[in-house]
Amino acid sequence: MSTLTFAQLLPYAIPPLLGALIGYVTNYIAIRMLFRPLRPWRVFGLRLPLTPGIIPAKRGELAEKMGDMVGSHLLTSEDVGRALEKEGFRRELQGAMAEKLGQFLDRDLGPVASLVPAEFRGRFAELVELLRWKAVKAVFEYLDSAEFEKLLRGYLERKSGELLSKDLENFLTPQRYQAVRGHVDARIATFLRSEGVGRAVGNFVDAKTEQWVTSERSLREVLPAGLVEVLLAQLEKEVPPLLEKFGGMLYDPDFRSRLVKKGREAIEGFLDSLGGLSGILAGFFDMDKVYSRIPEFLDKAGEEISRWLREEKTQAQVASAIRERLDAFLDRPVASYLEKVPYEKVSGVRRFIRQRAVATVQGRRAADTLMALLERGVERLKDRSFASLLQRVLPEGGLEKGRALVADRILAALRAPSAREALEKVLAEKLDHWLFRKPLGRLSARLPADLREELEAGLFRQLAELLKKEVPPLVETLNVRRIVEEKVNSLDILKVEGLLMGIMQEQFKYINLFGALLGFLIGFANLLLLRFL
């Protein structure tokens, strides 16, 4: 068997190889003709078939089909909704939101106005001012309304009725009573010891003593009439015991010795007043014997004097005499008692009275006395309701008039222009301070850990619900089909070619190789047919 030469093999190899070449080249040209030529070719004014290429020629249809494919099948609102509900997306969303919230809370924030973009801060200030004006207007429109007046009067009537139906015993529990008592006692003591009270008491005493020492009125006119009558009546009652006590003193040895001494001094004074006659009388009388008889005289006269002092007539005469003297004393002008008293003594007495009066008023005993009087008053009134107490004090219908007056005063105060000005000023100052001046600082330092966790969970829940509810309709509104169609139509054809070639270049290569293989097989089959036929 002889070996085949190249020349002998060439007729058998050329048909398959030529078929493979033709298949590869025709597929390559076919693929290129998808994009080329870019514009139609014309010969003698006639457009050549298959120009421009399929994709440039059918670009609009391609864009429409691609938009329909993406919008109707690849990116639908249902697909977006299902993607938003996936656990992975929700976990990423929650992590991102927690991170952003943490960054915000950990920042040193300035005033609220600083969080507003710079270009909107002027509008923000105008909005704050508008809201302030509307708030004040709304408040005072409501205050001026009949509805508010009706509610206020009803509220005051209910609350006053509830309060006035109570009594002190129910209102002041033991603990509350002790607290109130301690507070009132401290306030009374502080008030009485204050410099103003001391000065007022001193001035009052000075004015009264000055009035007394310079007054031409009698002492009876100065003193209260009831006090004068009480003094005179008490003096008449004290005369009989006083006279009986004096009669008993006649039998007291010390008192008798003093009477003897005074009697002897009286006799000697009488003799001295006689001058020369005292010697004559001394010659007739033994003065030592006279002096020795004085105790005997007192013994004999003492019982008689004592009996005489116990007689009603004597007591009445003595009381009448004393009353006459006291009436004369009371009918004299006050200033007449001080005519012969030196000014220094009068001034000293006045200073003494002033000091004692101030010390008495500011002393602990005065505070205790006032507190005791107050407690006795509370004790008498503790089982009576406040309403019954006021009804006894006020005239008929006074309680209802008082309620109406309180309501009128409150309404007048709330509706006054000064109240509106005050509210506007307070709101302006507070809003300026809170929104434009006071820094917020780190909000994380003010929020408890549990509140921060609740805030994160709440924001995530709201954001997830918002995305689930709003994003699918937004996808429908965006009209993805139209966007894709416009985007494909707006792309340069060379970019479309590069995009498709970048995606399908590998597939196009295999198509060319498949064309070569198919051409090879066709050429080989043709060779076999020619050989056997």
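Colleague: How many helices and strands are there in the chain?

Modeller: This is a predicted model. The chain has 24 helices and two strands.

Colleague: What percentage of the residues of the chain count as buried?

Modeller: The count covers 533 residues, and 22% of them are buried.

Colleague: Of the contacts between residues at least 6 apart in sequence, what share join residues at least 24 apart?

Modeller: That share is 81% in this chain.

Colleague: Let us turn to helix pairs. At what angle do helix α4 and helix α22 cross?

Modeller: Look at the two axes. For α4 (residues 77-84) and α22 (residues 449-478), the angle is roughly 155 degrees, and the axes come within 8 Å. Angles over 145 degrees count as roughly antiparallel. So α4 and α22 are roughly antiparallel to each other. Their crossing is right-handed.

Colleague: Which residues make that contact of α4 and α22?

Modeller: From α4 come S77, V80, G81 and L84. From α22 come L467, K468, V471, P472, V475 and E476. By class, the contact of α4 with α22 has six nonpolar, two polar and two charged residues.

Colleague: Now α5 and α22. How many degrees do their axes cross at?

Modeller: Helix α5 spans residues 87-105, and its axis crosses that of α22 at roughly 130 degrees. The two axes come within 10 Å. That makes α5 oblique to α22. α5 passes α22 in a right-handed crossing.

Colleague: Which residues of α5 and α22 meet?

Modeller: On the α5 side are F89, R90, L93, Q94, M97, A98, L101, G102 and L105. Facing them in α22 are R452, L455, E456, L459, F460, L463, A464 and L467. The contact of α5 with α22 divides into 12 nonpolar, two polar and three charged residues.

Colleague: Take one residue from that list. Where is the place of E456, and which residues is E456 in contact with beyond its neighbours within four places in sequence?

Modeller: E456 is in helix α22. Leaving those neighbours aside, E456 is in contact with M97, A98 and L101. With a relative accessible area of 23%, E456 is partly exposed. E456 and E99 are 357 residues apart along the chain, yet their C-alpha atoms are separated by 9.8 Å.

Colleague: How far apart are L528 and Y12, in sequence and in space?

Modeller: They are 516 residues apart in sequence and 9.2 Å apart in space, C-alpha to C-alpha. L528 lies in helix α24 (residues 493-532). L528 is partly exposed, with a relative accessible area of 35%.

Colleague: One more pair. At what angle do α7 and α20 pack?

Modeller: Helix α7 (residues 146-164) and helix α20 (residues 398-415) pack at about 135 degrees, and their axes are 10 Å apart. That makes α7 oblique to α20. α7 passes α20 in a right-handed crossing. Residues of the contact include F148, L152 and L156 of α7, and L399, A407 and L411 of α20. By class, the contact of α7 with α20 has 11 nonpolar, two polar and six charged residues.

Colleague: Which residues in α20 are buried?

Modeller: G398, L399, A407 and L411 are buried in α20.

Key: Residues are numbered from 1 along each chain as its sequence is written. This is a predicted model: local features need pLDDT of at least 70, side-chain atom pairs count only at pLDDT 80 or more; totals for chains, interfaces and linings use all residues. Side-chain values use heavy atoms; hydrogens and water are left out. Axes are lines fitted to C-alpha atoms, for helices over the stretch in contact, and angles run from 0 to 180 degrees between N-to-C directions. Helices (H or I, at least four residues) and strands (E, at least two) are DSSP runs, numbered from the N terminus. Angles under 35 degrees count as roughly parallel, over 145 as roughly antiparallel, 65 to 115 as roughly perpendicular and the rest as oblique. A crossing is left-handed if the near helix is turned anticlockwise from the far one by less than a right angle, and right-handed if clockwise. Contact means heavy atoms within 4.5 Å. Ala, Val, Leu, Ile, Met, Phe, Trp, Tyr, Cys and Pro count as nonpolar, Asp, Glu, Lys and Arg as charged, and the others, Gly among them, as polar. Buried means under 20% relative accessible area, exposed over 50%, partly exposed in between (1.4 Å probe, protein chains only).
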